[in-house]
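Dear colleague,

I am passing on the structure below, together with notes on what turned up when I went through it. Please keep the sequence and the coordinates open while you read, as the notes refer to both.

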Amino acid sequence: MASQGIKVSPKKIKIKIACLVYSQRLRKYNKSLLGTKRKRDHKSSDSSIESPLRSDMEIMFKAEQIMKKVTDNLVHTIIMHRDIILKINKMNNVSRKKATIGIFGKSGEGKSSLLNAVLGKKDLLPSGCFGACTAVVTQVEANLTDSNYIAEIELFSKEDWEKELKDIFRVLSDETEDRNDDLFEIAVEKITALYGADADKKTLEELKKDIKFDEIETFLSISKKTISNNDVSEFASVAESYILHSESSPGDWYWPLVKSVTFKVPDCHELLEHIVLVDIPGSGDCNKLRDDLWKSKLKECSVVWIVSAINRASTDSGPWGILKHCIEELGPGGECKSINFICTKTDDINPAAYMRARRLRDQISGDKDQKKVCILHRNEHAKTRVKEKFENSEIKKRFSTDGNVFTVSSNAFFDHNLNLEPGETEIPKLQDELRILNKNINRELTRDYVNEAKGVLSLIQSVQLDTDKKTVETKVKVYMELENNLMKALNELDSRFDRIYSDLEQYLSKGVDESVQLCVASTKAMVSPNMDKRGFHKILQALCKNGGCYRSKNWDVTLDLNKQLVKHLQEYIDKYFNMIFPVTGTTGKSVQEQIDKFSIIKSDSASPESPILHHIQNFINTEETKLKSSLKSGVVDTKKHIYSSIQITIEKEMSSCYEQAAAVTGTGSMKKRQELLITTVDKIKHDMFNKAKLEMLKKFKDLKLDIMNALESGLKKSMELSLSKTSNIKLMDVSREIEQLESLAEQLSN
């Protein structure tokens, strides 16, 4: 009988080879291990949580205590991977970008008083500090470290200020008929604020001889000035010279040197721990650094407050004009989820005049209630008017949110003699808005911490239970399965992204065709309108000097040729773009939903009944969830760049044309500028819009690659970490700690 060789299945051969590879990995990992063995004293372990905790803060504190005890035990016994110790330490140092609430409103509308009331600090922000400093970005956040009031004042560099000073004197010395009156007014404000009255009458050389000139150069060398004081009145007195402007007392007001101001307020942890309030000035300032800064802040706003005095809340063109002009930065190019309209100064009313106008005499029950009835009646009327205006506006068409209207009295909130209950001032309603937003962020952070802690403890427990040499072969099988699942999941994700890319390309192509057809007519309509031409030559020249954009100081006139050129392209892609990058909710097609579908843990994973593999799967699942969550903020930031890439491309392609048009002078200069702009657009339109299309597609493809690389590298690292073993050293038993964290997670879900 012929002898037969022993047959070995290909599957077993693969497993044995994989075991050898795994053994090599173990030896490599063991080189990086710490320590000596120490058994855990089970008697010293905490009992499970006896009673539910009352707040997210208590749950977070308890979870941190659990992880600290685990870390201390591991460090003292010196038996843990450096990677895992670093992972635990990293959990305790996690940081999250704060939610930004943008505040629109002109100076004098009661913004400072509003914020003082909301924060419960009557004398904190001096009246007029919001909006008075032209285009200085001013923000307010919580001081979480001590009880001081702090102002961090970021200054221009010497080089930036020297450039701005030259621009100021260029504007001041312009005596031609093309001079822009708004820029001239701003230049006068800046130079007199610093150097005093009549400084605008001097030349730059004369100003350099002024003793203040050297003082300012020295002052700018510090780059940032910090004011700190635990007395709110003393703090405000020192800070006001850097943030206020006084026409009646010019000189020694330093706001022209200031790029941004951050107020840090103590004792408002509950309102502003995770929130920053940002004044969006949006003035016609010619300084590009300031202009770019407030626009970047605008894109970060998740909530917007439109602030106007109640008597002109629905007619004030300033904040409504800024909001309308910035729809792209807030909507598809930003992350704004809600808009609140805040009508201020509700207590500023003449009861007799209002009653006559509204025929309210029969509704008044007595002299004492007269003013209150008028205030509350006007509040309801204002809410109706503002809501109607919002519902019928272009802004509403671009936002899915409803506009909430608040009618507030900051004075009555502090002064109870004005006969309004605290609730009737509606300040508590705004405080609740902040409190709820802050609490939701806190809940999310706490939930993430508890879930990650469970995953890390599952990893420790899997190693603690790994005492049998036979588990090596089983773990290798799991590794192979996870690796196979990872490749399969990445391929599926790649296919889903490719379908989005293909759809986006189709919408862009249609938008390019439409833009090519309409761009010349759109350009003519803007640069050569059928209107009274008197004064328009100044506007056109300012538009060319400012890279295609002109806006008056009060936002009553706004022209942006770049926005006009991208308008048709954006109209074609906006609906689909909002589906793949929604600000809230699900669409079935969003990038984040495709990421959320991604998973390498399958229901039929190998040996799920094994306690070790159960803990490994828990760890991998936690790491996968954390990775997907971390990608979310990156997707939001990247989508802003993707959307804005269209306009940036147009601006670049048109930049040389704007420079040439701005340089045109002499008789007939306006007509020459108009012709130059129109002919240039016609000449480069095909190339320009196709470049914009390709740039957007490139950025989307880059996003896809970044997401897939992050998932692949992050999960491979977690897989290798989960399959490592600390030689023959037995790790501590953390089963009780896992039970405690599961109890905390259940409380959070309830």
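Over residues 1-8 the pLDDT stays under 50, and for this stretch the model has 1 contact beyond four places in sequence. The pLDDT also stays under 50 over residues 10-49, although there the model has 68 contacts beyond four places in sequence. Where pLDDT is low, the predicted coordinates should not be read in detail. This is a predicted model throughout, and for the protein as a whole the mean pLDDT is 83, with 82% of the residues reaching 70 or more.

As for the overall picture, the protein has 25 helices and 11 strands, and of its 750 residues 51% count as buried. Among the contacts with a separation of 6 or more, 82% are between residues 24 or more positions apart. The protein exposes about 36300 Å², of which carbon and sulfur atoms supply 48%.

Turning to the strands, strand 3 (residues 149-155) is largely enclosed by the rest of the structure, because 5 of its 7 residues are buried. Strand 3 pairs with strand 4 (residues 224-229) in the antiparallel sense over 6 bridges, and in this pairing Tyr 149 stands opposite Asn 229. Strand 3 is also joined by 6 bridges to strand 5 (residues 258-265), again with the two running antiparallel, and here Glu 152 stands opposite Thr 262.

Two residues of helix 18 (residues 427-464) may be worth a look in the viewer. Leu 434 lies in this helix and has a relative accessible area of 1%, so it counts as buried. Leaving aside neighbours within four places in sequence, Leu 434 is in contact with Ile 101, Val 118, Leu 271, Leu 272, Ile 275, Leu 277 and Trp 305. Outside the four places on either side of it in sequence, Gln 461 is in contact with His 615, Met 732, Asp 733, Val 734, Ser 735 and Ile 738.

What do the charged side chains do? A search of the whole structure finds 34 salt bridges, and three of them are described here, beginning with the side chains of Glu 328 and Lys 563, which meet at 3.3 Å, N to O. This pair links distant parts of the chain, since Glu 328 sits in helix 13 (residues 327-330) and Lys 563 in helix 21 (residues 561-580), 235 residues apart. Both Glu 328 and Lys 563 are buried.

A further salt bridge is formed by the side chains of Asp 498 and Lys 704, with an N to O distance of 3.2 Å. Here too the pair links distant parts of the chain, with Asp 498 in helix 19 (residues 471-527) and Lys 704 in helix 24 (residues 669-722), 206 residues apart.

Because Lys 640 and Asp 637 are 3 residues apart in helix 23 (residues 611-663), about one helical turn separates them. Lys 640 is buried, with a relative accessible area of 7%, while Asp 637, with a relative accessible area of 31%, is partly exposed. Salt bridges that share partners join Lys 97, Glu 335, Asp 637 and Lys 640 into one network.

With best regards

Definitions and conventions
Residues are numbered from 1 along each chain as its sequence is written. This is a predicted model: local features need pLDDT of at least 70, side-chain atom pairs count only at pLDDT 80 or more; totals for chains, interfaces and linings use all residues. Side-chain values use heavy atoms; hydrogens and water are left out. A salt bridge is a side-chain nitrogen of Lys or Arg within 4 Å of a carboxyl oxygen of Asp or Glu. Helices (H or I, at least four residues) and strands (E, at least two) are DSSP runs, numbered from the N terminus. Buried means under 20% relative accessible area, exposed over 50%, partly exposed in between (1.4 Å probe, protein chains only). Two strands pair if DSSP finds at least two bridges between them. pLDDT is the predictor's confidence in each residue, from 0 to 100. Contact means heavy atoms within 4.5 Å. Accessible areas come from the Shrake-Rupley method with a 1.4 Å probe; for residues, only the protein chains shown count as cover.
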